[in-house]
Amino acid sequence: MAVASDETTRICNHCDRAIPSSNIDLHYAHCSRNLEKCKVCGDMVPKKHAEEHFLNTHAPVTCSLCSETMEREILPIHKGENCPQRIVTCEFCEFPLPAIDLAEHQEVCGNRTELCHLCNRYVRLRERYNHESRCNGIPEDHVGSSRNVRPVEREQGARRRQPPEYSRKRLLFTVAIAGIAVLLGSLFFQKTMETGPVV
C-alpha cells in the first residue's frame, strides 16, 4: 500500500514493519502487547493464538500411510503428491496400488498385449498409443503363426477391451473407505492412549 504523503517511517523493533513515525509509539505498545513472532516461520501471530498457530501449522505429525514425520502444513501435499504409499492408478489396467509399487507393476502390465482391430496384430499396451497413430489398417500377412488372428475374430472384427466406466468411481469409493478406516483407526488409537493400555 503506497502512502501519498512524504511522512517518514520507522521500523518497529517488535514486528520489523515500517510504521509512520507519528504512530510508532502507539503501534509499538499495541504490537508488543498483542503479537508475537512465530519461532518457526517468523509470522506475526496474535499471542492468544500462538499455540493454535503452532499446532495447526508447524506441529510434527506422522503420515498415516508411510509413517514419515513432517510439519502439519506439509502433510496434505505429502499425501497427495510425495507419499510412496499413496494410492495411484496403473495407466494400462487402471488398478489402484501404492505409488512405490507402480513402476514395477507397469513394467509387467505394459508388456501385456491386445489385438489391434485395424491390422489384426497383437500390440503391447505400452506401445498401443504410438501404434494406433501409425497403424494403416493393413493386416500384415508375414507375421508368424503365433500372432495370427483366429478366424472368428477376423469375421467379427476384433473388439477392443474397453476400460470399465465405473473404475474411477470404484477408485474414489476405495479411497473414501480407506480414509474412513484410517480415521476410525486413529480415533480408536487416540481413545486407547487416553484411557491407558488395555490389560
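This is a predicted model: local features need pLDDT of at least 70, side-chain atom pairs count only at pLDDT 80 or more; totals for chains, interfaces and linings use all residues.

User: How many helices and strands does the chain have, and what share of its residues is buried?

Analyst: Helices (H or I, at least four residues) and strands (E, at least two) are DSSP runs, numbered from the N terminus. Here there are seven helices and 10 strands. Buried means under 20% relative accessible area, exposed over 50%, and partly exposed in between (1.4 Å probe, protein chains only). Of the 199 residues, 22% count as buried.

User: How many salt bridges does the structure hold, and which residue meets Lys-37 in one?

Analyst: A salt bridge is a side-chain nitrogen of Lys or Arg within 4 Å of a carboxyl oxygen of Asp or Glu. The structure holds four. In one of them, Asp-16 meets Lys-37 at 2.9 Å, N to O. Asp-16 lies in the loop between strand 1 (9-11) and strand 2 (18-20) and Lys-37 in strand 3 (residues 35-37), so the pair ties together parts 21 residues apart in sequence. Asp-16 is partly exposed at 48%, as is Lys-37 at 36%.

User: Where in the chain are Glu-114 and Arg-128, and are they buried or exposed?

Analyst: The side chains of Glu-114 and Arg-128 form a salt bridge (3.4 Å, N to O). This pair links strand 9 (residues 113-115), which holds Glu-114, to helix 5 (residues 128-134), which holds Arg-128, 14 residues apart. Glu-114 counts as buried at 12% relative accessibility, and Arg-128 counts as buried at 12%.

User: Over the face of which residue does Arg-128 lie?

Analyst: A charge sits over a ring if NZ of Lys or CZ of Arg is within 6 Å of the ring centre and within 35 degrees of the ring normal. Arg-128 lies over the face of Tyr-129, 4.9 Å from the ring centre.

User: What is the phi of Ser-67, and where is this residue placed?

Analyst: Most residues other than glycine have a negative phi. Ser-67 has a positive phi near 70° and is in the loop between strand 5 (60-62) and strand 6 (69-71). Ser-67 is exposed, with a relative accessible area of 55%.

User: Which residues does UniProt list as "transmembrane region"?

Analyst: UniProt annotations may be inferred rather than shown by experiment; positions are given in the numbering used here, and feature names are shortened. The unreviewed UniProt entry lists residues 171-189. Over residues 171-189 the chain is 100% helix and 0% strand, with the end C-alpha atoms 26 Å apart.

Terms used:
Residues are numbered from 1 along each chain as its sequence is written. Side-chain values use heavy atoms; hydrogens and water are left out.
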